[in-house]
Amino acid sequence: PRQVPPQAWYMQPVVSILIGGILPFGAVFVELFFILSSIWLQQVYYIFGFLFVVFVILVLTCAEITIVMCYFQLCSEDYHWWWRSFLTSGSCSLYLFLYAIFYNVTKLELSRFVSMMLFFGYMFIASVVFFVVTGTIGFVSCLLFVRKIYSSVHVD
């Protein structure tokens, strides 16, 4: 295989993956507060229509940010886009778990070890599910994008 030329610092895998997760998380973090409050503080959640709109915004944001990062990666002649596309949009689950830690410190008054383990166990499972869902959205959108742009290239 062809060697990948040296990349700029912002196109390094770790940096681009962490940058790619900020925008999708920013699209959902306000709604996340209400969801966590309804689960852990026994408050009633009744805005399911708005939750659906936020989910659609999350899907679109994950797809768009992954396509943009994949385009930058392909423009800099780095063809290893498969796993990076999955990790780019999936990295917003890291921010979800960090927000869960922040929510635990600021809103919850958990004093027992078992309660904290239960909270962090459930939030870890939710973060893993969120990682798989958003990563799949990013990968599928990037796969469709790459197939579309390379379908118009004709080799003579």
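Okay, let's start in helix α4, residues 82–90, where Arg84, Ser85, Phe86, Thr88, Ser89 and Gly90 are buried. By buried I mean under 20% relative accessible area, with exposed over 50% and partly exposed in between, using a 1.4 Å probe and protein chains only. And helices here are DSSP runs of H or I with at least four residues, strands are runs of E with at least two, and both are numbered from the N terminus.

What sits over those buried α4 residues? The cover includes α1 (13–20), α3 (48–75), α5 and α6 (113–151). Contact, by the way, means heavy atoms within 4.5 Å.

A quick word on the model. It's a predicted one, so local features need pLDDT of at least 70 and side-chain atom pairs count only at pLDDT 80 or more, while totals for chains, interfaces and linings use all residues. Residues are numbered from 1 along each chain as its sequence is written, and side-chain values use heavy atoms, with hydrogens and water left out.

Now the overall picture. The chain has six helices and zero strands, and reading along the sequence you get α-α-α-α-α-α. The C-alpha atoms fill a box of roughly 65 × 35 × 20 Å along the principal axes. Of the 156 residues, 36% are buried. If you take the contacts with a separation of 6 or more, 78% of them come from residues 24 or more positions apart.

Next, a helix pair. How do α2 and α5 meet? The axes of α2 (residues 22–40) and α5 (residues 92–106) come within 10 Å and cross at roughly 35°. Those axes are lines fitted to C-alpha atoms, for helices over the stretch in contact, and the angles run from 0 to 180 degrees between N-to-C directions. On the α2 side you'll find Ile22, Pro24, Phe25, Phe29, Leu32, Phe33, Leu36 and Ser37, and these meet Cys92, Tyr95, Leu96, Tyr99 and Tyr103 in α5. That contact divides into twelve nonpolar residues, one polar and no charged. For the record, Ala, Val, Leu, Ile, Met, Phe, Trp, Tyr, Cys and Pro count as nonpolar, Asp, Glu, Lys and Arg as charged, and the others, Gly among them, as polar.

On to the cores. A nonpolar core is a set of buried Ala, Val, Leu, Ile, Met, Phe, Trp, Tyr and Cys residues joined through side-chain atoms within 4.5 Å. The largest one has 18 residues, and Phe25, Leu32, Leu36, Phe119 and Phe130 touch the most other members. Helices α2, α3, α5 and α6 each give two or more residues to this core, and α5 gives the most, with six. Apart from this core lies another, of seven residues, among them Trp81, Leu143, Phe145 and Val146.

Let's zoom in on Phe119. Leaving aside neighbours within four places in sequence, Phe119 is in contact with Trp40, Ala100, Tyr103, Asn104, Leu108 and Leu110. So is Asn104 buried or exposed? Asn104, which is in helix α5, counts as buried because its relative accessibility is 7%. Asn104 touches Leu110, Met116, Phe119 and Phe120, not counting residues up to four places away in sequence.

Last stop, Ala126 in helix α6. Ala126 counts as partly exposed because its relative accessibility is 33%.
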